[in-house]
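Here is a short report on one structure. Please keep the sequence and the coordinates to hand while reading.

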Amino acid sequence: VLNNNEKINSLEYMILVIFLSRSFYNGIGFQTMLKISKYDTWISLILGFILGFIPILILCYINKKGINLFEIIKSKIVKFIIMLFLIFSFTIILNDFINFASLKYLFETSNLAIALLFILPAIYIVYKGIETIGRSALFMFYISVLLFFLNSLALVKYIEIENLKPIFISGIFPIIKSSIHFIAYTIFPIIFLSIVPKNNEPYKVYNKKLVIGYIISSLS
């Protein structure tokens, strides 16, 4: 029996929310925030997380109404800009994967060879359809969770609460500005999930997964 490769379920949708919201943040977002708010970046993260629920609720409304961005956008120029953004996003994510693999495991392997290890399976997955993308994201999520906890356990002994002081050394404006960057980097990529076809589950289920995915991504 052939699977329907044109839709994703709510769990796969949640996993894509997590990956997309982390894509820009892990690449350039956090470094930008550190430059802006410096020692108060942790405050900006908390503030940005709270304020981020405003656009998340807007996305919930989009899911409720079943709005597809590509269907309402008529301008070819706007669509071209969106495609450039997606290519840019993929480049950042690929660069992070290459750096991670090179530093952690493949010390003597060229970056080109590592890139091919990611690009070729990605091309095959995209060819197979959106359901395959969702299932692959789910598999990668389990691996990333394992690596996250292993790295966290290795670093937990170095945590010093005193390093959070002093606070507000950068001032209020840089903290707010940095939190806005957090929202931009984590929320904006999720908007493109509105073009992904979903199965027949109620919109409330997808909205619940959207909120849970945003919380998991922000906490990690």
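## Helix α3

α3 has 13 residues. From first C-alpha to last, α3 reaches 18 Å, close to the expected 18 Å at 1.5 Å a residue. That expected span is 1.5 Å times one less than the number of residues in the helix. Helices here are DSSP runs of H or I with at least four residues, numbered from the N terminus. The model is predicted: local features need pLDDT of at least 70, side-chain atom pairs count only at pLDDT 80 or more, and totals for chains, interfaces and linings use all residues. Residues are numbered from 1 along each chain as its sequence is written, and side-chain values use heavy atoms, with hydrogens and water left out.

Which residues of α3 are buried? They are I56, L59, C60, I62 and N63. Buried means under 20% relative accessible area, exposed over 50%, and partly exposed in between (1.4 Å probe, protein chains only). Seen down the axis of α3, the buried residues fall within an arc of 160°, so they line one face of the helix. The arc is taken over the directions from the helix axis to the C-beta atoms. An α-helix has 3.6 residues a turn, so residues three or four places apart point the same way. On the other side of α3, I54 and L57 are exposed. G66 follows α3, and its phi is positive, near 65°.

## Nonpolar cores

The largest nonpolar core has 27 residues. A nonpolar core is a set of buried Ala, Val, Leu, Ile, Met, Phe, Trp, Tyr and Cys residues joined through side-chain atoms within 4.5 Å. Y13, I15, I56, L59, L193 and L210 touch the most other members. Two or more residues come from each of α1 (10–37), α3 (53–65), α7 (130–155), α8 (172–187) and α9 (203–219). α1 gives the largest share, nine residues. Apart from this core lies another, of five residues, among them L94, A101, I114 and A115.

What does L59 contact beyond its neighbours within four places in sequence? Its partners are I187, I190, I191, N207 and L210. Contact means heavy atoms within 4.5 Å.

## Aromatic pairs

The structure holds six aromatic pairs. Rings of Phe, Tyr and Trp (its six-membered ring) pair if their centres lie within 6.5 Å; planes under 30 degrees apart count as stacked, over 60 as edge-to-face and the rest as tilted. F49 and F53 pair edge-to-face, at 5.2 Å centre to centre and 75° between the planes. F49 is partly exposed, with 22% relative accessible area. F53 is also partly exposed, at 26%.

F49 and Y214 form a stacked pair, 5.5 Å centre to centre with 15° between the planes. This pair links distant parts of the chain: F49 sits in α2 (residues 41–51) and Y214 in α9, 165 residues apart. Y214 is buried, at 1% relative accessibility. Ring pairs link F49, F53 and Y214 into a cluster.

S217 is found in helix α9. Is S217 buried or exposed? Its relative accessibility is 8%, which counts as buried. Leaving out residues up to four places away in sequence, S217 touches I18, S21 and R22.

## The salt bridge

A search of the whole structure finds one salt bridge. The term covers a side-chain nitrogen of Lys or Arg within 4 Å of a carboxyl oxygen of Asp or Glu. The side chains that meet are those of K165 and E162, at 4.0 Å from N to O. K165 is exposed, at 57% relative accessibility. E162 is exposed too, with a relative accessible area of 52%.

## Backbone exceptions

Most residues other than glycine have a negative phi, and most peptide bonds are trans. The peptide bond from K165 to P166 is cis, with omega near -5°. P166 lies in the loop between α7 and α8. F168 lies in the loop between α7 and α8. F168 is not a glycine, yet its phi is positive, about 60°. F168 is partly exposed, with a relative accessible area of 44%.

K38 is placed in the loop between α1 and α2. Phi of K38 is near 50°, a positive value in a residue other than glycine. At 48% relative accessibility, K38 is partly exposed.
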